[in-house]
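Here's a quick briefing for anyone meeting this structure for the first time. Have a look at it, then read on.

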Amino acid sequence: MWIDADDAERLAEAALASGGRAELAAALDAFTGELLPEDRYAAWSHARRERLAALREKALLALAAAHLAAGASEEAMEAAEQVLAASPAEEYAHRILIEAFLAQGLRRRAVHQYHLCRETLDAEIGVRPGAETEALYRQALAAPTSAARSAQPSLPAAVRLSPALPLRGRDELLAELLDVATTPVLLVSGEAGLGKTRLVAEAARRTADKGAAVLWGAGHDAEGHRPYGPFAEAVEGWLADRSVEERASTGAEYPELAGLLPLGRVEPRSWRSPEEERDRLFQAAAALLGELAADRPVVIVLDDLHAADAGSFQLLSYLARRARDQNVGWRFLVTLRPEDLPAADPRRHTLDGLARQSLARTVEPPRLPREACLELAADALGSPPAAVPERVWELSLGNPLFALELARALRDGVVDLSGTPEGIRQLVAHRLGQLDPAARRVVDVVAVAGQDSALVEVLDVARRCGQPPLSAAEATEAVEAAVAAAVLEERPVAVEGRPVAGLAFRHPLVRMTCYQLLSAARRQFLHSAYAEAVIRRRPDAVDTLAVQLTHADDPRATGYLRSAAQRAAAHYANDTADRYYAQLTDRLDALAAQSARARMDHSVVLRRMGRFEDAARLLREALAEMERHGDRDGRILAAARLAELMAKTRSTDEGFRLLDAAPPAPHTPAATTSAHHLARAVLCFVAGRYEEGAAAARTAETAARAVAGPEQRGLLARALAMRATCLGLAGRFGETGLVAQRALPHARAYGDPQLLALVLSVLRETALRAGRLREAIETGRRALDLAERSGDPTATVFERANLAKLHLLMEETAEARDLAETAVRETGPGLGWCVPYALAALARVRIRLGEPGAVALLDEAERAARAQGDLQAQHEVRSVRAELTLQEGRAEDALALLADGTTRSAHLTARAWLACGRVREAVEVAAAEAARAERAGERLAETDARIVHAAALTELGRERDAADAFGRAAALAEGLPYPAASRRLAMVRR
């Protein structure tokens with residue numbers, strides 16, 4: 001007889017003995033899941049389960065080490081991360097990750113992993129990393145330099161390495177930084193890309209040439225606020241080249257710093273208050289710098305201080321005062337971005353205090369003048385300034401970083417500079433990621449409007465172009481946030497010959513990047529919305545409307561292009577007229593061949609806006625056009641999209657007929673094949689055919705893996721999310737979580753907020769059924785935020801309704817009421833599929849609070865669900881109605897509602913049997929449901945079933961069994977926690 005656990009154990013032991021990567025990987029594949037989940041709490045299975053888990057972890061570590069030895073760093077990291085996911089304090093796995101990062105030249109990630117290891121070991125088992133880990137940490141600190149050790153402090157890389165290019169246009173600023181007769185702190189402040197770090201590095205290099213010691217530390221946005229991070233990094237850089245004996249001596253003399261630095265000893269935890277410990281640390285830092293400054297000046301560079309914690313600012317203030325009061329030989333060169341330190345930030349208050357005490361002075365590098373800008377670009381190109389295209393100056397406007405990135409693009413063969421260089425794209429994407437959704441919406445509107453936009457039109461579009469709509473005050477606050485973040489600036493613009501308040505990007509390349517970061521569908525939607533705002537306010541602005549409607553791919557663009565061309569020609573603006581006529585001709589030529597594809601693309605936008613009937617109309621037209629032209633692949637894709645839409649607008653039967661009439665063939669493109677099977681999975685889900693839906697989603701996933709490019713990620717995320725949903729509803733809950741988790745990285749990489757919201761919605765449901773209610777609420781909130789950002793009103797309503805249900809389970813009735821009422825208010829014409837869920841959620845709230853109106857809500861919800869043919873929605877409505885009838889004492893009616901026998905309402909069926917006086921049937925149904933839910937890991941369902949089971953046992957007079965059942969139910973409800981169940985349990989016991 002073959003036993004899978006024995007086979008996995010045998011393979012693992014053999015693989016560990018051989019040490020081969022292939023054998024270890026094959027052995028790990030044999031570990032397919034948890035051992036005997038139905039006996040998870042049985043004592044006799046515990047030892048075997050622990051042994052198998054330990055063996056799997058040992059094999060993973062061996063595989064990681066084998067990958068690392070073979071030079072496969074990424075594979076080694078993947079295996080080590082799996083170990084840490086289960087055992088965060090496994091130091092060997094941390095060590096493998098550090099070595100892998102070093103092998104890839106990722107020094108900073110190696111240092112970060114060391115700190116993560118140290119924090120985890122301290123938190124979980126109260127020890128520090130071992131000698132091998134500390135040795136790797138020192139290796140990371142030393143990388144990539146191999147400079148000889150000396151008594152002099154080693155110079156940071158930014159100072160030690162010769163710059164690749166000369167510094168242009170900064171002579172006066174450099175002299176200001178080199179002046180020692182100034183304040184202890186010089187704050188080099190300005191927008192990103194002005195060369196603040198490069199300027200400070202040059203000043204530090206020249207200071208070092210005169211014999212000064214230079215320490216260099218920085219804040220890092222991506223790593224969070226490490227306590228005193230820039231100072232710790234600066235001292236770590238100095239310690240990196242010290243011998244073991246020197247570090248041990250430093251640790252003995254300054255034990256207060258041992259918590260931040262690897263000084264060879266750790267001071268025991270003491271009774272001192274946090275304030276006393278901070279003062280001791282500040283004094284020790286000053287003493288350490290004083291020792292270093294005893295025979296030479298010391299310059300401490302704190303780069304990107306805006307990314308540091310408040311403690312770093314407090315330590316800077318303390319050391320600046322010591323420098324002045326005790327006339328010690330250290331000073332600070334600090335770089336920061338002022339937009340990251342808003343006026344209300346306590347860190348800004350610290351800097352303001354330094355300025356008031358004349359301890360700090362701000363230096364603001366301006367943008368480079370034209371000559372210096374072109375000279376810098378020429379240096380990067382290795383050509384004379386006259387050979388640099390004027391376009392570099394026009395696009396960069398003297399920002400050194402932008403000029404260098406444009407020059408590198410030219411060097412790499414880019415001729416027209418119409419796209420954004422990757423370095424600029426990353427910088428702008430990081431800046432945008434710090435904005436809230438409303439401010440990001442304003443930035444997106446200005447990006448599509450152009451470099452200069454009328455404020456009143458931007459506010460008009462921003463208020464209307466997403467979910468939820470913004471009030472005038474919210475839109476105004478969003479504008480202020482985008483300006484405060486230094487992405488936009490206010491400036492007058494000319495509209496119809498008169499100046500009005502306007503908004504513009506601080507730099508044209510930022511606008512270009514923001515526009516390119518928008519998805520094609522989002523661009524089209526915003527161009528259309530902006531055009532509608534212009535039509536409302538100035539319908540004669542044919543030039544603006546021609547541009548906006550053309551980008552929106554709106555049929556009206558043809559007429560406006562013709563009018564704009566005619567107006568330009570009448571004024572002899574021949575170049576402008578030529579451009580308009582060329583666009584008009586291209587548009588007319590493309591209509592015949594591309595109209596069907598355009599309709600399909602347009603339907604995506606309409607669907608996102610909740611206009612399902614309009615989207616279906618366009619898809620029917622596209623399908624007919626594809627059939628007329630004999631475009632088989634296009635016909636399959638159009639049929640798939642229309643069939644999927646049928647699940648949201650009409651009956652699933654029509655959707656299945658569409659799919660059956662246009663099946664994919666072996667030569668059909670993989671993306672189209674995947675779309676076809678995804679549509680079938682959605683229809684099966686709505687029709688309640690969950691096993692068939694899971695199989696269709698699995699086929700869609702297989703097809704998606706053959707798709708090239710970014711589209712693969714989106715298809716995989718959708719297929720995996722749909723498969724997880726169908727598996728859960730088919731009773732295979734144990735598989736749901738793993739499949740849903742696989743969807744998440746694909747959705748994140750694809751970058752579509754609507755798709756990511758869908759995946760999070762699935763994960764929210766998984767957490768709910770597992771009884772992790774707080775996690776479910778947090779995940780649901782993230783899904784709601786993304787649904788609002790994507791502008792999808794149906795998804796927004798659906799997520800609100802589900803969050804209302806979750807808050808009810810937590811007995812948070814005020815939050816539940818607000819969410820449910822908002823969801824119902826936001827339903828409207830065309831939002832058919834989500835309406836039953838919103839109405840059912842509000843009915844649940846009314847029932848829980850004993851308020852009238854639940855019956856009317858459920859009647860309306862049932863009509864909407866039946867009209868849609870949505871079995872899932874019908875079940876939701878029946879379940880809520882059954883709860884209401886039970887509360888009203890109509891148990892027979894509840895049994896009739898629950899006659900479908902689905903396990904998802906089994907506890908309600910048991911309650912109905914009990915209420916009818918048929919106690920034995922109640923005991924049987926409740927016991928079976930409790931056992932099923934326990935095996936599947938559905939903790940909420942198990943709790944509900946055990947409460948009914950306990951009540952039924954009491955009615956039978958089986959007091960001992962009832963007491964045991966009540967105890968198990970209470971332990972579950974309190975342990976999860978599940979407040980609604982605890983309340984019901986208390987009521988049943990009374």
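Let's start with a term: buried means under 20% relative accessible area, exposed means over 50%, and partly exposed lies in between (1.4 Å probe, protein chains only). This is a predicted model, where local features need pLDDT of at least 70, side-chain atom pairs count only at pLDDT 80 or more, and totals for chains, interfaces and linings use all residues. Residues are numbered from 1 along each chain as its sequence is written, and side-chain values use heavy atoms, leaving out hydrogens and water.

**Cysteines**
- Cys834 is buried, at 0% relative accessible area.
- Cys117 is buried too, with a relative accessible area of 0%.
- Counting pairs of cysteine sulfur atoms within 2.5 Å as disulfides, you get zero.

**Around His527**
- You'll find His527 in helix α24, residues 520–537 (helices are DSSP runs of H or I, at least four residues, numbered from the N terminus).
- His527 counts as buried because its relative accessible area is 1%.
- Leaving aside residues up to four places away in sequence, His527 touches Val448, Tyr515, Gln548, His551 and Ala552 (contact means heavy atoms within 4.5 Å).

**Nonpolar cores**
- A nonpolar core is a set of buried Ala, Val, Leu, Ile, Met, Phe, Trp, Tyr and Cys residues joined through side-chain atoms within 4.5 Å.
- The largest one has 128 residues, and Val759 and Leu773 have the most contacts inside it.
- A second, separate core has 63 residues, including Ala378 and Tyr530.

Note on methods
Helix = DSSP H or I, 4+ residues; strand = E, 2+ residues; numbered from the N terminus.
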